[in-house]
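Colleague: Could you walk me through this model and tell me where each label comes from?

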Amino acid sequence: MSADRSTPHTPPAAAVGGQAPAGGPAPAEGTELIRFDAVTKRFGAHTVLDALDMTVYAGKHVTLIGPSGSGKTTILRLLMTLLRPDEGTITLGGRYLTHEEKGGKLVPASDRYSREVRKNIGMVFQQFNLFPNMKVLRNLTEAPVHVLGMDKDAAEERARELLELVGLTAHLDKYPAQLSGGQQQRVAIVRALAMRPQVLLLDEVTSALDPELVAGVLDLLRDIARSTDITMLCVTHEMNFARDISDCVMMFDAGRVIEFGPPEQIFTDPANERTREFLSAVL
Ligand SMILES: Nc1ncnc2c1ncn2[C@@H]1O[C@H](COP(=O)(O)OP(=O)(O)OP(=O)(O)O)[C@@H](O)[C@H]1O
Ligand SMILES: [Mg+2]
């Protein structure tokens, strides 16, 4: 696999999980799962991501923090192929996400190719984004059946197991609008798990919830972090949660990673003044 990189590998590179930065020495341990190489994303004249280099190792839990507008959601949307980078490449498990190799050259990926690679990634959004016209059970079986080609009975059995796991068996025959926000979000999380993703992207999944519903959703995510080997990339304002589950915290500002490291370091002794200011405002 060779990327046509006309852009040099610009520091700061963020390697996640405590290993060496991408572009620096080879990682001593861990398997690279997600890799951003000099990814630039612009909206009009506004450069949101600026030649971003980032590596996430398999099985690690990474939290992205940073001020509003720093590009956190943009990173997750690029990984979901809901957006395409203007420059640079993204790979998942060594396969290009947004490009295909054809005749030894990198060309923009077809929608079909991107959909195929993206099957390995699940995302949970702030606003749940359940299918409103489908009952809970069908919300969980729709993609496994139609995207993975799973047998309908097997998909239903798996969906029932997942609903039992999150204590929602009694609600499988309801529509999303008949559930509380916390219940809907737990359905959205197990809907993502039903696809058996390698990577779970979580974008402020508790921000839209009433305060008393937040703990249940965070507990579920803690369970997933503890009991599965799914790689998690998480944007959250819940700093205690981030501290609990993260192997690595990355601080974004103005489309770049300005600092990263284990949570105990970032939260208690950040090196960067901007990180310090941000944390003192949110902690
Ligand atoms: N579709 C779009 N069109 C134009 N500008 C966009 C679009 N999506 C995002 N932006 C801009 O890109 C910048 C980064 O947005 P992004 O949503 O990634 O930030 P964020 O770090 O997730 O912020 P927040 O913490 O508020 O969710 C913002 O300035 C935003 O206005
Ligand atoms: Mg966001």
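This is a predicted model: local features need pLDDT of at least 70, side-chain atom pairs count only at pLDDT 80 or more; totals for chains, interfaces and linings use all residues.

Modeller: Residues are numbered from 1 along each chain as its sequence is written, chains are lettered from A and ligands numbered from 1 in the order in which they are written, and side-chain values use heavy atoms, leaving out hydrogens and water.

Colleague: How many helices and strands are there in the protein chain?

Modeller: The protein chain has 9 helices and 13 strands.

Colleague: What makes β4 and β12 a pair, and in which sense, parallel or antiparallel?

Modeller: Two strands pair if DSSP finds at least two bridges between them. β4 (residues 61-65) and β12 (residues 248-253) have 4 bridges, in the parallel sense, and Val62 has Cys248 in β12 as its bridge partner. The two sit in an open sheet of 6 strands, ordered β9-β10-β11-β4-β12-β13, with mixed pairing.

Colleague: Why is one side of β9 and of β13 left without a neighbour in the sheet?

Modeller: β9 (121-124) and β13 (256-261) each have a single partner strand, so they are the edges. From one strand to the next, the twist averages 20°.

Colleague: What packs on the sheet at β9?

Modeller: Helix α5 (residues 181-193) does, touching β9 and β10 (199-203), and its direction makes about 175° with that of β9. Angles run from 0 to 180 degrees between N-to-C directions, with axes as lines fitted to C-alpha atoms, for helices over the stretch in contact. Helix α9 (residues 273-282) lies across β4, β12 and β13, at about 100° to β12.

Colleague: Why are α3 and α4 called oblique?

Modeller: Their axes come within 9 Å and cross at roughly 130°. Under 35 degrees is roughly parallel, over 145 roughly antiparallel, 65 to 115 roughly perpendicular, and the rest oblique. α3 and α4 are therefore oblique to each other. Residues that meet there include Val136 and Leu140 in α3, and Ala159 and Leu163 in α4.

Colleague: What makes α1 mostly covered?

Modeller: Buried means under 20% relative accessible area, exposed over 50%, and partly exposed in between (1.4 Å probe, protein chains only). In α1 (residues 72-79), 6 of the 8 residues are buried, among them Ile75 and Leu78. Just after α1, Thr81 takes a positive phi of about 55°. Across the protein chain, buried residues make up 51% of the 283.

Colleague: Which residues touch the most other members of the largest nonpolar core?

Modeller: A nonpolar core is a set of buried Ala, Val, Leu, Ile, Met, Phe, Trp, Tyr and Cys residues joined through side-chain atoms within 4.5 Å. The largest has 36 residues, and Val124, Leu163, Val187, Leu200, Leu202 and Leu221 touch the most other members. α6 gives the most to this core, with 7 residues. Contact means heavy atoms within 4.5 Å; leaving aside neighbours within four places in sequence, Val187 is in contact with residues including Leu130, Leu163 and Leu179. A second, separate core of 34 residues includes Leu78, Met80, Ile121 and Met250.

Colleague: How many residues lie between β7 and β8 in their hairpin?

Modeller: There are 2, and Gly103 in the turn has a positive phi of about 55°. β7 (residues 99-102) and β8 (residues 105-108) pair in the antiparallel sense over 4 bridges, with Val107 as the bridge partner of Glu100.
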